[in-house]
Amino acid sequence: MTAAVTATGLGKRYRRRWALAGCTLSIPAGRVAGLVGPNGAGKTTLLHLAVGLLQPSAGTIEVLGGVPGSGPGQLARVGFMAQDSPTYPTWSVADHLRFGAAANQRWDARFAANRMARLGLDPAQRARKLSGGQQAQLALTLALAKRPELLLLDEPVARLDPLARREFLQELAEAAAAQELSVVLSSHLVADLEHICDYMIVLTSGQVQVNGPVTDLLASHYVVASQWPDPGALPAGSQLIHESGQGRHSRLVVRVPGPVIERAWSASPASLEDLVLAYMARPAGRSPAEEVARCSG
């Protein structure tokens, strides 16, 4: 099966600043992938490259086996929801749906109308009169009703209250399952992703720190609390991802090839938040493999 997104050595430079550098990853089709990282990590740049709104400064990117934005056929296969749930303030709900029908060759008018009715949105209501959650649902409807194979969403819930975020993500999960969509969802709110995503990419300072299926990542990462003054000898083959504290108060997040069973360590499986925050805390440009020699010694 063709990957949803494949990038090799991908980079984007704005004058002297690289917003994305050396990005290499492959997101399998059929996944709901979380793209997580702090503000300014390069998430929006990566998504804009995937849509075709930007051109790479280095490397390559393919989406569904094609060049992003390369023609009407490719554009029809990809749905995109930009930041802040973009809608036109003076347009009514019905105006948005008419625009969607005119702009998208695979537009599903029945789906769009039924979804608006189920959500209780008045077709005559202008977008500026809708709540933040309602605007987000309208924008999601526009993205879904074009019947894409891949849906890209850039911080779609950042400005919503907790209840509206939960409702939006639940609707997204149900739609992705019903339409067998591939989804890439960017956010810096880890808690919002862990109940919907089965694949995760951590991006910091324009570089991919780690990516893979969530189950595999959780199975290989542990939080280790030292019971002894010397926290130097981790199990062979381990990678130290992040360390805080000193001596018997050390708290380590490590990636290991198997279960941590050393008696000198008190280890527990890392949560998704533990894992993500550990990689986000790594210095820019530092490879996760740099600590292998130390941890294996």
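This is a predicted model: local features need pLDDT of at least 70, side-chain atom pairs count only at pLDDT 80 or more; totals for chains, interfaces and linings use all residues.
**Helix H6**

Begin by selecting residues 162-179, which form helix H6. The helix has 18 residues, and the distance from its first C-alpha to its last is 26 Å, close to the 26 Å expected at 1.5 Å a residue.

Next, colour the buried residues of H6: Ala164, Arg165, Phe168, Leu169, Glu171, Leu172, Ala175, Ala176 and Gln179. Turn the view to look down the axis of H6; these buried residues fall within an arc of 160°, so they line one face of the helix. The face turned away from that buried side carries the exposed residues Pro162, Arg166, Ala177 and Ala178.

Select Asp161 together with Leu163. Asp161 caps the N-terminal end of H6, with a side-chain oxygen 3.0 Å from the backbone nitrogen of Leu163. Then move to the residue just after H6, Glu180, which takes a positive phi of about 55°.

The structure holds 8 salt bridges.

For one of them, select Arg165 and Asp192, which form a salt bridge whose closest N and O atoms are 2.9 Å apart. Arg165 lies in helix H6 and Asp192 in helix H7 (residues 190-193), so the pair ties together parts that are 27 residues apart in sequence. Arg165 is buried, at a relative accessible area of 19%, and Asp192 also counts as buried, at 14% relative accessibility.

For the other, select Glu171 and Arg115. Their salt bridge has its closest N and O atoms 3.2 Å apart. Arg115 lies in helix H4 (residues 109-118) and Glu171 in helix H6, so this pair ties together parts that are 56 residues apart in sequence. Are Arg115 and Glu171 buried or exposed? Both residues are buried.

Finally, select Arg98 and Asp95, whose side chains meet in a salt bridge (2.5 Å, N to O). These two residues are 3 residues apart in helix H3 (residues 93-103), and are therefore separated by about one helical turn. An α-helix has 3.6 residues a turn, so residues three or four places apart point the same way. Arg98 is exposed, with a relative accessible area of 54%, whereas Asp95 counts as partly exposed at 24%.

How values were computed:
Residues are numbered from 1 along each chain as its sequence is written. Side-chain values use heavy atoms; hydrogens and water are left out. Helices (H or I, at least four residues) and strands (E, at least two) are DSSP runs, numbered from the N terminus. The expected span of a helix is 1.5 Å times one less than its number of residues. Buried means under 20% relative accessible area, exposed over 50%, partly exposed in between (1.4 Å probe, protein chains only). The arc is that of the directions from the helix axis to the C-beta atoms. A polar contact is a pair of N or O atoms within 3.5 Å; within protein, one must be able to donate a hydrogen and the other to accept it, and residues adjacent in sequence count only if both atoms are side-chain atoms. A salt bridge is a side-chain nitrogen of Lys or Arg within 4 Å of a carboxyl oxygen of Asp or Glu.
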